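User: Could you walk me through this structure, please? I would like to go step by step.

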Amino acid sequence: MKYVVTRPVDGITINPELEVLLDDNGDVRMFDSEEQALSSLTVAGVGPEELRHMTIMESCGTCCKCGSPLFRSLSPGYMFQCFTCDEDFYQFEQDT
C-alpha cells in the first residue's frame, strides 16, 4: 500500500476541489504508511488546524498501464487516478 496527502486547493478550506501534496521535484509525494505521512507533515511544520483539513488517501489498486499504485480519482467522472502516468480511469478500464 502507498499513501498520498490531499488538501483543499491552495490550502483554502472553502475550496471544494482537492490537490495532492508534491515533493521537491514536483512529483506526487507517496508514503509507505499513514504514520509516515503524518510524521512527515508534522516535521514540516504543519499544525493541527491545517492537518484537520488534510486527507490521507490509501492506494486502492494497481495501474493497468504502468503498474504504479492507483488512487481514488480527484477528477469528477472518473473512478481511479494514477499519479505516475498521469491518467484517470473509469471503473471498467481497471476491471480487465
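Analyst: Happy to! Keep in mind that this is a predicted model.

User: Is Gln81 buried or exposed?

Analyst: Gln81 is found in strand S6, residues 80-82. Buried means under 20% relative accessible area. Gln81 has 10%, so this residue is buried.

User: Which backbone nitrogen does the side chain of Gln81 reach?

Analyst: At 2.9 Å, the side chain of Gln81 reaches the backbone nitrogen of Leu74.

User: What is the angle between the ring planes of Phe71 and Phe83?

Analyst: Phe71 lies in strand S5 (residues 69-72), while Phe83 sits in the loop between S6 and strand S7, 12 residues apart. Both Phe71 and Phe83 are buried. Their aromatic pair is tilted, with 5.5 Å centre to centre and a plane angle of 45°.

User: Why does the pair of Tyr90 and Phe92 count as stacked?

Analyst: Planes under 30 degrees apart count as stacked. The ring centres of Tyr90 and Phe92 are 5.8 Å apart, and the pair is stacked because the planes are at 5°.

User: In which order do the three strands of the open sheet come?

Analyst: Strand S1 (residues 3-8) is joined to S2 by three bridges, running antiparallel. The edge strands, each pairing on one side only, are S2 (18-20) and S3 (55-58). The order is therefore S2-S1-S3.

Note on methods:
Residues are numbered from 1 along each chain as its sequence is written. This is a predicted model: local features need pLDDT of at least 70, side-chain atom pairs count only at pLDDT 80 or more; totals for chains, interfaces and linings use all residues. Side-chain values use heavy atoms; hydrogens and water are left out. Two strands pair if DSSP finds at least two bridges between them. Helices (H or I, at least four residues) and strands (E, at least two) are DSSP runs, numbered from the N terminus. Buried means under 20% relative accessible area, exposed over 50%, partly exposed in between (1.4 Å probe, protein chains only). A polar contact is a pair of N or O atoms within 3.5 Å; within protein, one must be able to donate a hydrogen and the other to accept it, and residues adjacent in sequence count only if both atoms are side-chain atoms. Rings of Phe, Tyr and Trp (its six-membered ring) pair if their centres lie within 6.5 Å; planes under 30 degrees apart count as stacked, over 60 as edge-to-face and the rest as tilted.
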